[in-house]
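Dear colleague,

My notes on it follow directly after.

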Amino acid sequence: MNKTAIKNFAIWARVQLMEAAKQRAFEYGITEGGKNKTNVDVIAGRLLSPQEIEQRQQLITQIQQKGFTQVMEEAAYTWFNRFIALRFMEVNGYLPSKIRVFTDETGAFKPEILKQALSVELEDLDRKKVVALLDAQANEELYKYLLITQCNALSASLPLMFEKIENWTELLFPAALLRPGSVLERLVTDIPEEDWLDIEIIGWLYQYYISEKRDAVIDPLRGKVIKKEDIPAATQLFTTDWVVKYIVDNSLGRYWIERHPESKLAETLEFFVTPKDGAIPTVDDPVSPESISVFDPCSGSGHFLVYAFEVLMNIYRECGWMDRDAARSILENNLFGLDIDDRAGQLSYFAVMMKARKYDRRILERRIAPHVYTIQSSEAISNELIHYIADHDRTIEKALVDLRQAFLHAKDLGSITIVPEVDCNKIYKRLQYLNSTANEGMVALAYSRDADQYVAPIIAQADLLTRKYDIVVTNPPYLNRMDAVLKSYVNEQYKDFSADLFSVFIYRNLQLCKPHGYAGYMSPFVWMFIKSYEKLRDYIIKNHSFITLIQFEYSAYEEATVPICTFVLKKGRSNQKGLFFKLSDFKGGMEIQKQKTLEALHNKDCGYFFEAHSDNFSKIPGSPVAYWANEALLQAFESQQVADFGFAGIGMRTGDNLRFLRMWFEVASNSILLSCSSVQEQIESKRRWIPYNKGGNYRKWYGNNEYVVNWFNDGQEIKENTRLMYPYLGDDLGWKISNQEYYYKPGITWSGVTSGKNSFRAYGKGFIFDSGANGFFPVDSRLHYILVALLNSCVAQFLLDILNPTINTGAGTVRKIPVMLPSNIDFMNRIDRISSESIKLSTIDWDAFETSWDFQRHPLV
């Protein structure tokens, strides 16, 4: 699949379609910031048809409610989705008319539907209008009419993808689609036809379509909060194909194989993981294919659901089902999906239906609606509508009121919405009754339409979110800059897991899972190690079981600048060992990661495949998921830690480095105070600049002493600036001016952020340290050099990789490093001498500051 061509086209097409929508709006007298008058029937001397007048009014109303840019965006993606869906169906021969809409039999951009305009069989096609347009040689207008009629003809079998085009979106239909260089011409010529044979192309097209908006929304430099309407763009990431297979193979596939030990399904699962002894536990619960439920609560463009369909098809075949019957059963009984994004929901629905069409060529005629939805807000449900539906039934009335409250902010919350237990079937039956009696009057008809439009989707999504599933698989949204509504809800309902939205979903999906079911994910791997996710780790370790996990190389995932992992959990405790792949040493993208995973599957003695009990993780401070730690290493954590030998913590945040920091050579040497011992000495010296540890590049033993900080009169200016920036701190500036009691003391520092190995440096008295260059201050000065040596050893690096193998190494992590001092005094003295000599040599090499130590070195006796 040519992803470069797909990406380039999708990004370009979005811009073109939005500009086309704006141009069409302008042609109807509608502009951004314009007066956009209503009740207009003539534009630029042209009399509008009654249909155009109505559609124009609809468009103005949409703009008033949502804003001009948002409406243009909606029009653009509506036509983009329809065009790519038509192209997929055309290439695969799935169009009911069997007539190509974009190309001829050679694959050239010469729409066959134009040549066959008089003979094409499409529902509601007006032959007289076709003849009239042909006589007038109005090819563009004819092609527009045929495309819209084709889309409308598909609305009966694919209603969520091809909603009848009778509203304002028809006004914004792109013009001049037959010309060279148009969106349709490039859709055909830019992307190889063979790429359209794989439904995966739909997901990639959508991810790349929104990629520019995603980059604009995320804005990592400013770290702004993500607004509700921007959540889809900020969080939609298409999951790598083989990772989807790994997750589904080891959740859905494993679920079936455990319950059917005679099954040959494992032979069809490329990424199914077994332990070194090959033993797969059995479960005495011989389920039938149609009873298995698979849910993706963040379904995106349907990647997990589509592959789950494939695995389910193999399960059905094992049980003797015909493909067409199995396809229907899978849609009706097995697959469930929900997403926050209407665009993605359309594509997910379409992808699942196209997968079914592969196995049953009449599936579109069967009018089956898969359980794939986009979550909707309940804002439009009025009290009057509730009273009409309930018709004095207090149970139904209360249920609808509760559901309206639960889904009020559904477009913010998505599938993490906690839904009250209600009788959805009872409400469904009531809605069906209303539909059957809707012809009894205009009021009944109006309420029935509102019930269908606003209430039915709420009931469907409530039904999904109150069920329990055998399998829950997803790539959850990665989001920690939440708007006020989302942040408040997460803190209220998911406080222990609120560090990021993906960690909320890790917990939430387990709640949606049946006992002994499986939950599979792809997520950032920070949850495995850092303190912010310690409660999540404790929850998993104490209540559930690791089945398998792959930790990828830090930069492997090309689609997002975030280190990731993929894993499957079993709901409930198990005595099984988890099966882990440590790919962190293998540089390269996801294709390299795939190769290494397959190698490990065929050779479990590869050196990066591990089996581990999750109970062992609790033996390490903070419970990191350190699956590669052996027994001897686990025992080391039972000894003393760095924290037992002194204080380690962060230093100062100046609040304005450009103002308060300088390189040491940028200021007069007589304005720098060296080897200061106390606050009083600094104040009396009247010198402005103090040596400042600020991290820096990889360097052991000594050095990186490049900065000085304006600490005149005990930091008067910095403290005043901090009070102005954070008035709520009052006189307690500890959050910004941290651990001031350790300023000027000799210590050990290191860079808090590094993409490589850690390095620790000794420094003498007279320094202040930064939040990015943590400080460690041994209580016993005689151990100063020995502790520097320990921290700079390969053993300490190995331990740090266990405690927190991310680019951030904070004081909290260093405090947990186990320390086992040698009992041999001569050996201790030898380490002391080597460390001392290393510091001296590094000092000579650096030669930036004169340093003097205020601690006396004594023989260790």
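Pro174 is placed in the loop between α6 (139–154) and α7 (183–190); helices (H or I, at least four residues) and strands (E, at least two) are DSSP runs, numbered from the N terminus. The model is a predicted one, in which local features need pLDDT of at least 70 and side-chain atom pairs count only at pLDDT 80 or more, while totals for chains, interfaces and linings use all residues. Residues are numbered from 1 along each chain as its sequence is written, and side-chain values use heavy atoms, with hydrogens and water left out.

With a relative accessible area of 6%, Pro174 is buried (buried means under 20% relative accessible area, exposed over 50%, partly exposed in between, with a 1.4 Å probe and protein chains only). Leaving aside neighbours within four places in sequence, Pro174 is in contact with Leu17, Ala20, Trp79 and Phe83, where contact means heavy atoms within 4.5 Å. From Pro174 to Asn480 there are 306 residues in sequence and 38 Å in space, C-alpha to C-alpha.

All five of the five residues of strand β4 (residues 335–339) are buried, so the strand is largely enclosed by the rest of the structure. Leu335, Gly337 and Asp339 cover one side, and Phe336 and Leu338 the other. β4 pairs in the parallel sense with strand β3 (residues 294–296) over three bridges, and with strand β5 (residues 371–374) over four bridges; two strands pair if DSSP finds at least two bridges between them. Phe295 stands opposite Phe336 in β4, and Leu338 stands opposite Tyr373 in β5.

Leu338 is also one of the residues touched by Gln461, along with Thr374, Ile375, Gln376 and Phe407, not counting residues up to four places away in sequence. Gln461 belongs to helix α19 (residues 442–466) and is buried, with a relative accessible area of 1%.

**Aromatic rings and charges**

The whole structure holds 45 aromatic pairs. Rings of Phe, Tyr and Trp (its six-membered ring) pair if their centres lie within 6.5 Å; planes under 30 degrees apart count as stacked, over 60 as edge-to-face and the rest as tilted. Phe546 and Phe617 have ring centres 5.8 Å apart and planes at 80°, so this pair is edge-to-face. The pair links distant parts of the chain, 71 residues apart: Phe546 is in strand β8 (residues 545–551), and Phe617 is in the loop between β11 (609–612) and α24 (631–636). Phe546 counts as buried at 3% relative accessibility, and Phe617 is buried at 1%. Both belong to one aromatic cluster, whose members include Tyr521, Trp527, Phe580 and Trp628.

Two charges sit over rings, by the criterion that NZ of Lys or CZ of Arg is within 6 Å of the ring centre and within 35 degrees of the ring normal. Arg186 lies over the face of Trp12, 4.0 Å from the ring centre, and the charged end of Lys694 sits over the ring of Tyr707, 5.9 Å from its centre.

**Helix α27**

The 14 residues of helix α27 (residues 712–725) should span 20 Å at 1.5 Å a residue, and the end C-alpha atoms are 19 Å apart, which agrees; the expected span is 1.5 Å times one less than the number of residues. α27 bends by about 30° at Lys719, the bend being the angle between axes fitted to the seven residues ending there and the seven starting there. Among the buried residues of α27 are Asp714, Ile718 and Lys719. The buried residues of this helix pack against α25 (657–660), α26 (679–685) and β16 (707–710).

Yours sincerely
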